[in-house]
Amino acid sequence: MMKTVADAKAFFENEGLYVSTDKDRSLWIATNVRDAGNGVLISDHACSLIKGKQEWTAVFPAEASCTFQISGALPELAATISVVFAKQRVTGDPLRDAFRQVVPDSERLIARQVVAHV
Amino acid sequence: MGNEDSGIVGSGGGLPYLAERDDSDVVNQERAFSCQAACARQLLRDAGTDVSEGELLAQIGYLDGWGTSANNTGAALDKLHPTLGFVGGSVDPTSIAILCRRDPWIASLKTDQGTIHAVIVDTILANVVYVRDPWGRTGPGSGNGTRATMNLDAFMERWAYALNIAVFPNRTKKGEGP
């Protein structure tokens with residue numbers, strides 16, 4: 001049963017994905033990782049998986065600097081991430097397009113840039 | 001930075017700042033979605049190059065209702081900055097120590113409202129992140145941006161929720177021809 005950041009890291013690495021962790025709270029999962037200079041690693045196809053108090057959140061790129069955010073249990077989110085990357089590998093399209101093809105009603109999951117603050 | 005104690009704690013930008021103060025030397029974004037472009041404008045101004053936000057948005061490409069992309073902002077800065085080359089995208093969060101050893105860079109962060117907002121990261125000292133925020137106190141029209149501080153753990157969480165998006169200098173242009 002997948003429960004921890006370490007469990008998830010092992011799962012994604014077994015899928016051939018690059019995984020980096022920030023303590024025991026989040027993972028950066030990517031393909032086509034390259035050194036942008038002085039060892040700073042960058043990717044055009046990356047998502048985040050973050051441990052919350054009660055559930056986990058997966059974050060995928062949308063247009064511009066906006067994101068898709070989907071929350072749930074770790075095993076389900078890990079499965080979704082795996083399918084999205086598999087779709088991206090097949091199509092070669094941006095990860096956001098793969099996300100849209102895999103996750104139904106994806107537009108409601110978009111977090112946009114600042115519109116207004118209250 | 002200094003003078004943190006004189007600032008009002010809390011951010012109009014919806015970020016969990018330890019302290020925040022107005023600074024007339026920090027540019028204020030002119031549109032609701034232009035935070036990343038405003039940060040780029042600030043980095044150019046720091047280097048002695050004055051470009052209007054409108055000109056920058058035209059170069060970067062601005063999607064109304066969405067904002068700007070980090071790789072386009074990096075490309076524009078790479079072209080316009082007099083001494084540094086830039087790149088933008090989603091970066092491995094463990095690269096933060098390397099990023100902060102160099103010049104200021106732009107980070108995207110998730111706000112309390114669930115939106116994504118860009119700030120300039122100047123440095124990290126003793127687990128405190130020092131930023132410049134183009135939102136100002138009340139957003140576009142504030143007149144200026146702010147300087148603020150944030151706990152490193154809070155910064156890392158907000159950055160992860162924004163896909164660890166960064167626009168950062170990756171080389172000096174010394175020796176590069178015109």
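Predicted model: local features only at pLDDT ≥ 70, side-chain atom pairs only at ≥ 80, totals over all residues.

Student: Why is the meeting of D153(B) and R25(A) called a salt bridge?

Tutor: The label needs a side-chain nitrogen of Lys or Arg within 4 Å of a carboxyl oxygen of Asp or Glu. The side chains of R25(A) and D153(B) come to 3.1 Å, N to O, so the pair qualifies. The rule finds two salt bridges across the interface of chain B and chain A. It also finds 13 residue pairs in polar contact there.

Student: What makes up the side of chain B that touches chain A?

Tutor: Several elements of chain B supply at least two residues each, among them α1 (35-46), β2 (84-91) and α5 (152-161). The largest share, five residues, comes from β2(B). By class, that side has 20 nonpolar, 20 polar and four charged residues.

Student: How much area do chain B and chain A bury between them?

Tutor: About 3,400 Å², with 57% of it on carbon and sulfur atoms. Of the area that chain B buries against chain A, W66(B), Y161(B) and L163(B) supply 23%, more than any other three residues. In residues, the contact takes 44 from chain B and 41 from chain A.

Student: Which strands of chain A are called edge strands?

Tutor: In chain A, six strands form an open sheet in the order β1-β2-β5-β6-β7-β8, with antiparallel pairing. The edge strands are β1 (18-22) and β8 (110-111), as each pairs on one side only. Two bridges join β7 (residues 67-72) to β8(A); here T67(A) has A111(A) as its bridge partner.

Student: What pairs with β6(A) on its two sides?

Tutor: Four bridges join β5 (residues 45-51) of chain A to β6(A), one partner pair being K51(A) and W56(A). Six bridges join β6(A) to β7(A), and T57(A) has S71(A) as its bridge partner. Both pairings are antiparallel. β5(A) and β6(A) form a hairpin with four residues between them. The hairpin of β6(A) and β7(A) has five residues between the strands, and A64(A) in it takes a positive phi near 50°.

Student: Why is β6(A) said to be largely enclosed by the rest of the structure?

Tutor: Because six of the six residues of β6 (residues 56-61) of chain A are buried. In a regular strand the side chains alternate between the two faces of the sheet. W56(A), A58(A) and F60(A) point one way, T57(A), V59(A) and P61(A) the other way, and all are buried.

Student: And why is V103(A) called buried?

Tutor: Buried means under 20% relative accessible area. V103(A) has 7%, so it falls under the cut-off. V103(A) sits in the loop between α3 (95-102) and β8 of chain A. Leaving aside neighbours within four places in sequence, V103(A) is in contact with I70(A), T80(A) and L109(A).

Methods:
Residues numbered from 1 in each chain as written. Chains lettered and ligands numbered in written order. Heavy atoms only, no water. Contact = heavy atoms within 4.5 Å. Buried area = accessible area lost by both parts, 1.4 Å probe. Polar contact = N/O pair within 3.5 Å; in protein donor to acceptor, adjacent residues only side chain to side chain. Nonpolar A, V, L, I, M, F, W, Y, C, P; charged D, E, K, R; others polar. Pairing = 2+ DSSP bridges. Buried < 20%, exposed > 50% of the residue type's maximum accessible area, 1.4 Å probe, protein only.
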